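Have the viewer ready and follow along.

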Amino acid sequence: MRTATLDKSTRQIGADKAWAAGYDGTGVKIAVLDTGIDATHADLAGQVVAEQNFSRSADAVDRVGHGTHVASIAAGTGARSAGAFKGVAPGAKLLNGKVLDDGGYGRDSGILAGMEWAVAQGADIVNLSLGAPDTPQLDPVEAAVDRISAEKGVLFAVAAGNRGGRGPGTIDSPGSANAALTVGAVDDADALASFSGTGPLTGGGVKPDVTAPGVDITAAAAPGSIIDREEGQNPPGYLTISGTSMATPHVAGAAALLKQQHPDWKGPELKGALTGSAKGGAYTPYQQGTGRIAVDGAPGRSVVVLEGALTFDTQRWPHADDTPQSRKITYRNLGGEPVTLDLAVAGSAPGGAPAPEGFFTLGARRLTVPAGGTAETALTVDTRLGGSVDGTYSAYATATVTGGPGAGGQVRTAAVAERELESYDLTLHHLGRDGRPAEHHTTTVQGVRGAAATRRFEPHDPSGTVTLRVPKGGYLLDATVVVDPLDLTKGTDWIVQPQLEITSDTTVTLDARTTRPVEITVPSKTAQVGFATPAYTLREGNTRYHYSLWLNSLTGLRTRQLGPRPEAGTLSQQWDVHWDDGASAEYHAVLGGPVSDFATGYTRHLGRRDLAALVVGQGASAPGKRGSAVAMGTIPGSRGGSTASSRRPLPTTATLYVSTLDGATWDLFFTQGSGYDDDGVPRDETLYEAQRARTFKGGRTYHERFNAAVFGPKVDDLHGVWREAASISGSVPLLADGANHAGGFYDATGSTVLRRDGVEVGRSETPLESSAPFAVPPGEASYELTTTSRLSPELSATSSETTATWRFRSKETAEPTPLPVSVVRFDARPALDGTLPAGRTENFPVTVQGPAATARGSLLAEVSYDEGRTWSPLRVHHGRVDVRTPAKGGTVSLRATVTDRSGNTSEVTVLRAYLAG
């Protein structure tokens with residue numbers, strides 16, 4: 001894919017021609033319902049006329065950076081870039097409705113409230129660069145898009161979604177709403193983005209409606225936001241990301257340009273003008289709708305199509321008895337003079353070849369549309385003419401203005417007709433444990449081979465019997481039959497047929513009476529299952545199909561395989577189970593591996609020799625904290641694992657027993673937090689991670705510590721400072737815990753300053769790890785890089801301020817090159833609450849990490865008992881120091897400076913490194 005920065009993408013859709021004609025969106029309001037908008041950005045200053053927070057977060061500030069980027073594409077002024085990165089409609093005003101929280105997630109209730117608020121604020125256009133996988137049912141947000149569009153005439157521009165890589169049928173909700181103007185993404189050469197969601201809709205129908213530039217779009221950055229930290233700014237003030245989220249505000253801005261020219265136009269007219277004037281590419285309506293929007297083709301147009309894309313009823317296989325079908329196309333003339341249209345249709349067969357002559361026909365070749373009136377014709381499809389070629393046929397009906405205003409202009413209508421592939425009826429009978437039809441069942445029929453590949457069906461009928469039409473081919477059948485969906489322990493039967501070949505009408509009976517129980521135990525009579533995720537993965541070629549259950553207990557679970565065995569080596573199964581055992585013990589097991597059959601029942605009794613004991617100390621120096629030590633296991637060939645852990649008052653020590661069978665490896669994490677959000681989810685304040693994919697021996701005991709002092713910087717192969725071309729960047733965790741675990745505190749504040757030959761060349765109001773790269777001149781020079789992290793007393797009583805300063809020489813490099821930065825770590829090992837006994841002298845190691853560890857020139861250490869106001873030297877002897885702990889209630893701050901043999905120096909200061917207890 002190519003680069004399409006805003007200065008290019010606006011020209012690509014013809015916005016520059018609309019500007020030249022005097023249209024910039026003035027007088028139009030665009031509501032951006034997203035993660036918030038940074039209205040302090042120069043491009044958005046004065047653009048936001050109202051804001052409201054509907055998310056779970058505390059305010060409307062954009063801490064993700066998504067909403068700011070989207071808003072500047074739609075209506076940014078480009079002030080910071082002297083107009084270079086101007087949005088599509090810089091004269092429009094913005095309504096900032098924050099409906100997604102500081103993690104980028106939102107609830108339907110908040111999105112619905114934001115939509116109503118936007119309309120009440122006078123929004124003409126609502127931009128929804130958000131979504132979730134669509135379902136066959138009409139969800140509340142889809143319903144609201146259709147209702148508000150009809151009642152208020154507001155146009156909703158909605159992202160198609162970024163799941164296009166999974167194949168057809170990947171339009172997200174609410175882009176699946178009929179009234180939405182749903183937007184896919186192309187690059188700057190109008191090539192469809194691989195991620196762009198495509199149709200058909202879950203219940204049938206054409207989406208997206210149009211496409212727009214959405215690949216590598218450079219637009220406004222929200223400094224310090226999640227995306228800013230991940231992507232960095234280049235040039236300053238801007239960042240570059242891709243997605244249908246970026247394509248959608250191009251369309252919202254384009255609609256604003258049209259709305260300015262035609263203030264009386266409502267959503268249907270705006271949508272009709274933009275879809276009708278789009279530039280078509282070599283794609284089907286399911287991929288592009290009518291094509292990439294072309295603003296320069298829309299403003300002078302007075303004719304729009306009322307129906308949008310046309311979908312014909314599927315003609316069932318075999319096709320000897322197919323009957324022609326017709327759909328109406330209605331043209332509305334919004335102008336004051338009659339318009340003459342010459343009509344033509346071009347159809348394509350599956351694979352892109354021209355459709356047979358007569359497959360698509362129009363009822364008229366010329367229409368005259370009266371001023372302010374309508375004229376109609378019919379598009380007819382005759383699928384009998386398809387010969388032996390089955391599949392999706394598509395067409396574009398084009399109306400060319402040959403008489404009246406706008407002569408030469410064209411209006412496009414997309415159409416799709418399905419000539420069913422060889423297909424058969426699949427009937428599924430679900431029977432409960434009592435032998436009667438089962439009302440409560442969840443079933444997936446997943447195509448894996450032949451014409452069925454990528455097809456997915458989720459049939460349900462409360463009668464227990466459901467018949468669906470499926471293409472000939474190979475399928476995976478996965479079904480769960482439950483006695484009571486509110487209490488799965490009363491009976492959950494998981495029935496899987498890994499190999500289901502459909503070559504004729506087929507009936508499968510899913511009989512819960514044939515299943516067998518699952519029993520997995522640990523050597524504790526008091527341990528209770530808190531969470532379990534049994535799962536399996538079926539491989540077909542290069543594609544893996546993964547299914548799992550989420551259970552709070554194994555009680556009542558039974559399983560069964562139907563049908564023949566899958567091909568050897570293609571099926572694996574995993575049993576992931578987590579138990580609580582009193583206040584200070586947990587059990588975690590991950591079992592399984594490659595199998596020849598999906599298990600019909602499963603029994604495993606784990607003994608002490610099958611488990612390793614992990615004794616995990618979990619620190620906290622601030623009062624009122626709770627935390628979790630988290631163990632996640634995986635086995636060879638598995639897709640991943642699950643986690644479940646008890647949240648305990650801190651500081652504490654707990655024992656985690658983990659299974660050591662079947663090649664299990666374990667990842668260990670720790671989180672500290674306090675309180676809960678509005679959904680009852682614990683608020684995490686820290687995240688620390690131990691070495692990943694560790695193996696343990698059964699019957700052995702291991703010890704681990706998390707979140708305990710002394711916190712300080714860490715460098716290794718993954719963490720350091722780098723020079724690449726004319727930029728310097730770094731990823732140094734300033735608050736690695738006392739056990740050298742990388743991680744940190746989410747709400748730490750700080751700053752970073754870079755000086756070149758004594759002159760400041762870069763500054764960030766965040767610690768280095770969260771800072772964007774600093775641009776520097778290419779020549780060799782002396783540099784000083786200082787970064788600081790600060791913790792409030794509410795987060796931690798230790799490490800209130802941690803600073804690292806590095807001095808080195810550097811010049812331009814052709815490839816990313818590590819710079820000679822080192823750190824010093826203080827291994828005082830205080831108690832889990834951050835204290836050491838008052839009045840006692842402690843002897844502990846002072847450890848160097850980085851280049852100076854093996855090429856050290858000198859190492860100096862100092863101590864302060866007044867939080868850094870005065871310092872006293874410490875004698876470093878064989879890499880250790882003696883430090884006297886003050887009276888109870890006092891603090892110990894530490895500082896060290898190391899110089900390597902090349903003269904590069906590194907200084908680390910930790911205020912309140914530990915406390916006197």
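Which backbone nitrogen lies 2.9 Å from a polar atom of the side chain of S196? That is the backbone nitrogen of A185. A polar contact here is a pair of N or O atoms within 3.5 Å; within protein, one must be able to donate a hydrogen and the other to accept it, and residues adjacent in sequence count only if both atoms are side-chain atoms.

A quick word on the ground rules. This is a predicted model, where local features need pLDDT of at least 70 and side-chain atom pairs count only at pLDDT 80 or more, while totals for chains, interfaces and linings use all residues. Residues are numbered from 1 along each chain as its sequence is written, and side-chain values use heavy atoms, with hydrogens and water left out.

Helices (H or I, at least four residues) and strands (E, at least two) are DSSP runs, numbered from the N terminus. With a relative accessible area of 1%, S196 is buried. Buried means under 20% relative accessible area, exposed over 50%, and partly exposed in between (1.4 Å probe, protein chains only). Leaving out residues up to four places away in sequence, S196 touches G161, G164, G184, A185 and T244; contact means heavy atoms within 4.5 Å.

Next is S810, found in strand β51 (residues 801-810). S810 is buried too, at a relative accessible area of 5%. Its side chain is joined to that of R723 by a polar contact of 2.8 Å. Besides R723, S810 touches G779, E780, A781, Y783 and L819, again not counting residues up to four places away in sequence. P778 is 32 residues from S810 in sequence, yet the two C-alpha atoms are 8.9 Å apart in space.

H41 sits in the loop between β1 (29-34) and β2 (48-53). Its relative accessible area is 5%, so H41 counts as buried. The residues H41 touches, not counting those up to four places away in sequence, are R80, A220, A221, G237 and Y238.

**Rings and charges**

How many aromatic pairs does a search of the whole structure find? It finds 18. Rings of Phe, Tyr and Trp (its six-membered ring) pair if their centres lie within 6.5 Å; planes under 30 degrees apart count as stacked, over 60 as edge-to-face and the rest as tilted. Here are two of the pairs:

| Pair | Centre to centre | Angle between planes | Type |
|---|---|---|---|
| F359 and Y393 | 4.1 Å | 20 degrees | stacked |
| W494 and F598 | 5.2 Å | 80 degrees | edge-to-face |

F359 lies in the loop between β15 (339-348) and β16 (360-362) and Y393 in strand β19 (residues 391-403), so this pair ties together parts that are 34 residues apart in sequence. F359 is buried at 0% relative accessible area, and Y393 is buried at 1%.

The other pair links W494 in strand β26 (residues 492-502) with F598 in the loop between β34 (585-595) and β35 (602-605), 104 residues apart. Both W494 and F598 are buried. Ring pairs also link W494 and F598 with Y536 and Y547 into a cluster.

Charges sit over rings as well: the charged end of K86 is over the ring of W19, 4.1 Å from its centre. Likewise, the charged end of R412 is over the ring of Y396, 4.2 Å from its centre. To count, NZ of Lys or CZ of Arg must be within 6 Å of the ring centre and within 35 degrees of the ring normal.

**Two helices**

Helix α5 (residues 140-152) has 13 residues and reaches 17 Å from its first C-alpha to its last, close to the 18 Å expected at 1.5 Å a residue. The expected span is 1.5 Å times one less than the number of residues. At the N-terminal end, D139 caps α5, with a side-chain oxygen 3.0 Å from the backbone nitrogen of V141. After α5 comes G153, whose phi is positive, near 75 degrees.

Which side of α5 is covered? V141, E142, A144, V145, I148 and S149 are buried. They cover an arc of only 165 degrees around the axis, which puts them on the same side of α5; the arc is that of the directions from the helix axis to the C-beta atoms. On the other side, A150 and E151 are exposed. The buried residues of α5 pack against α4 (108-120), β4 (125-128), β6 (155-159) and β7 (172-173).

Helix α7 (residues 244-261) is mostly covered, with 16 of its 18 residues buried. Its end C-alpha atoms are 26 Å apart, which agrees with the 26 Å that 18 residues should span at 1.5 Å a residue.
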